[in-house]
Amino acid sequence: MIGELGHFALALGCILALAQAILPLIGAHRRDARLMALASPLAGAQLIAIASAFGALLWAFAVNDTTVSNVVLNSHSQKPLLYKFSGAWGNHEGSMVLWVLILALCGGAVAGFGRDLPSALQARVIGILGLIAAGFLGFIIFTSNPFERVWPPPMDGQGLNPILQDPGLAFHPPMLYLGYVGYAVTFAFAVAALLEGRVDAAWGRWVRPWSLAAWSFLTLGIALGSWWAYYELGWGGYWFWDPVENASLLPWLIGAALLHSAIVVEKRESLKIWTVLLAILAFGMSLLGTFLVRSGVLNSVHAFANDPARGVFILALLMAYVAGALALFAWRAPKLGGTGIFAPLSREGGLVLNNLLLCSIAAVVLVGTLWPMFADILFGAKISVGAPFFNAATAPLAIPLVAAMALGPMLAWKRADLAGALQRLWWVGALAVASAFLTLLVAGYHVWPALGFAAAAWLIFGAAADILDRIAAFRRPSQAWNRARGLPRAAWGGAIAHAGVGVMFAGLAGMGLATDALVALKPGEATRLAGYEWRLERIRDVQGPNWSARRATVTVLDGARVVTVLEPEKRFFPVGRMNTTEAAIHTNALRDLYAVLGDERDGGGVLRLHHNPLAPWIWFGAVIMALGGGLSLSDRRVRVSAPSRKAATAPA
Amino acid sequence: MTRWLFFCLLLALPAWAAVGDPNERLPDPAKEAIAREIGRELRCLVCQNQSIEDSDAQLARDLRRLVRERVAAGEDSAAVIRFVHQRYGDFVLLRPPVTAATMLLWATPILALGGGIAVIMLRRRRALAEAAALSPEEARRLAELDRGAA
């Protein structure tokens, strides 16, 4: 019964979304205030319908309703409750419902917080969001019904894949979707601007917070996935350049370009056309990711990839939305006009360079991801494009990007003094060079880690130099504190996010110096790695809630001092009959000691031991980046001055 | 990520369940490091986008052994990669060789960057030209302002 209600709610949501798409758009076109006023209530109603459907799905998983085939395929009564819930979105159908729920939440937010928007713009944005929602709800209803029944019901479900039963992964999809779907809102703003034929600073002020929020969530989502791969897969790797990872990186790169160029629109009323295009592309990349993951086009690796009909449907949606928006762009963009004039050497110029390099990196990732398929179709050539290609092809673009990241914020708008900016950064440059040499001195001849530490120092101290410069810490130290407090949060946010990238680079560089050992030890035996003595004490049986395991106890000693006791496991899940390896990790924030248990033989076991310097900094860096984004988001100007345009037009 | 791993597990369960065999590593750490560098360039042909160093599929193991035998015998990296390439074709190389089929792939960074720069220059030239040309009305106003200021 609950399942049918959920299904009905989805259908109702689809109809409401269609109404939300059609009526306000017609209203905005005809300047009909009554039709435009329907936008917000319809968005609210659609949100309620989708939330009910999602609630019904959660209910089915929570009570383990085995008459619902989705539950049978992805859940089991013996599973902890958290993973029953995360199982609801750990599969194709459920994750699509989560996708449209987040989209409906965004629509509701534009309806609720957007009262200060000009009513035609608001109606158009909500209308476009309704159009997107209607497409994806149609997709769910026609190809991916999450409430499909099975009869007779089996005794119990088949269980969720054990490696997905993990807190990191439970929250990975919602974070990613918040990012992906956030770009639906910037897309809607871009299309609305094209329909209106107007982009101004007020528009920029609305687009920037949405692109900041989407980007911050996407950053966290990608970082969670990468962190999970690091601790759960037991190879010590954190990024594999897999097509699905690339699919999440593409909107992140374009989104990073978007949030920077939106600054220029807001502050300088320049780069308008370009920003609108980026907003369209960012959402296009999100949809492309959705398509790649669910269609099975790529010779890759996805659980959701099984039904060509779904692929065709999403491809049709992708074409309709993106090609439609691009056609509208080609037609209307010249009207937006108004490229402000600025010298190549200026803050605007720096942001254009940022956009150029980020988009070029995105192009490399996109082409590299799709090329094996193209090469097969066009040339009949079977090729592989893997990590060595991506590293080689993106590094030459990433290096100037990093170089410009510390420099850009130092440049003035309109026309900047490069010599002056370099002068204020000389000590940062000296620290960066010193870091590189120090790395070579301490760790030996490792070029990439040395470059990585140089980049880290350049970005972290560059961000510090930016803040010190803004508060005039050296020129007027007495007022520095007051100036620091008066500095807009967006300035702090930008500097912190840039420093976060630096922290991440330090982590990447540290991982470039990682060492490992693969040893067969008997209880009582020890090996040496990275200056520590690793002693296997024993291997024994352990029983978990829905698994049994073999657990090794490894004592790590520094001389006579016990540093930590690591307990890596090999788990066996009877439901699904699967094995997983649980790495044991001890971190002190500066390095990870990482142990994995392998085969057992002759009373002993095979252990893979890793020493990963600065590994946690990769994810700390990502969290700092997201925090920087959040801080910018909380800037007073973002919240307060956005309504100014409406206030100006209200008397009309 | 989720889907990718899910599928990987279904297809190549042993690849994730095992940790490797200590006997397969070379005793000399310098040679082992070279072998690993080589291994990261080679695809495990039965896996999904994993290098032979990251997989415990039987084929990956065999390739790892092959690479280590050749490195131990004193062959340099290029020769080992060439040998594996000749046996298994382009598909085994994670860094695709430059051929007619991959020319555009390798040219992507240059094309993207060059194309972007060209567009920026063109737009800038047009913007400058537009900004330079004053309408008669603007010219008259400017002249007025000039007189006023003088």
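A:A184 counts as buried, with 26 C-beta neighbours inside 10 Å. This residue lies in helix α9 of chain A, in a model that is predicted.

- Apart from residues up to four places away in sequence, A:A184 touches A:L103, A:C106, A:L129, A:I132 and A:F283.
- Between A:A184 and A:A279 there are 8.7 Å in space, C-alpha to C-alpha, although the two are 95 residues apart in sequence.
- A:A17 belongs to helix α1 (residues 2–30) of chain A.
- A:A17 is classed as buried because 30 other C-beta atoms lie within 10 Å, where the cut-off for a buried residue is 20 or more.
- Once neighbours within four places in sequence are set aside, the contacts of A:A17 are A:Q46, A:G130, A:A133, A:A134 and A:L137.
- The C-alpha atom of A:A17 is separated by 25 Å from that of A:L292, which is 275 residues apart from A:A17 along the chain.

**The pair α18(A) and α20(A)**

- Helix α18 (residues 447–470) and helix α20 (residues 489–511), both of chain A, pack with their axes 7 Å apart and at an angle of about 165 degrees.
- Because this angle is about 165 degrees, α18(A) is roughly antiparallel to α20(A), a term that applies to angles over 145 degrees.
- The crossing in which α18(A) passes α20(A) is left-handed.
- On the α18(A) side, the residues making the contact include A:P449, A:G452, A:F453, A:L459, A:I460 and A:R470.
- On the α20(A) side, they include A:A491, A:H498, A:V501, A:V503, A:F505 and A:L508.
- By class, the residues of this contact comprise 17 nonpolar, 4 polar and 2 charged.

**Helix α5(A) and its surroundings**

- Helix α5 (residues 81–89) of chain A has A:Y83, A:K84, A:S86, A:G87, A:A88 and A:W89 as buried residues.
- These buried residues of α5(A) pack against α3 (39–62), α4 (69–74), α6 (92–113), α8 (167–170) and α9 (172–196) of chain A.
- Helix α9 of chain A, one of these partners, is also the helix that holds A:A184.

**Domains of chain A**

- Domain 1 (1–160) and domain 2 (515–615) are given by the domain assignment of chain A.
- The contact between them takes 6 residues from domain 1 of chain A and 4 residues from domain 2 of chain A.
- On the side of domain 1 of chain A that touches domain 2 of chain A, the residues are 1 nonpolar, 4 polar and 1 charged.
- A distance of 44 Å lies between the C-alpha centres of domain 1 of chain A and domain 2 of chain A.

- Chain B has 7 helices and 0 strands, in the pattern α-α-α-α-α-α-α along the sequence.
- Of the 150 residues in chain B, 37% are buried.
- Among contacts in chain B with a separation of 6 or more, 51% join residues 24 or more positions apart.
- The contact between the chains takes 45 residues from chain B and 59 residues from chain A.
- On the side of chain B that touches chain A, α1 (2–11), α2 (13–17) and α6 (103–132) of chain B each supply at least two residues.
- The largest share of that side, 11 residues, comes from α6(B).
- By class, the side of chain B that touches chain A has 27 nonpolar, 9 polar and 9 charged residues.

Key. Residues numbered from 1 in each chain as written. Chains lettered and ligands numbered in written order. Predicted model: local features only at pLDDT ≥ 70, side-chain atom pairs only at ≥ 80, totals over all residues. Domains from an automatic or database assignment. Contact = placed C-beta atoms within 7 Å. Nonpolar A, V, L, I, M, F, W, Y, C, P; charged D, E, K, R; others polar. Helix = DSSP H or I, 4+ residues; strand = E, 2+ residues; numbered from the N terminus. Axes fitted to C-alpha atoms, helices over the stretch in contact; angles between N-to-C directions. Parallel < 35°, antiparallel > 145°, perpendicular 65-115°, else oblique. Left-handed = near helix turned anticlockwise from the far one by under 90°. Buried ≥ 20, exposed ≤ 12 C-beta atoms within 10 Å, placed from the backbone.
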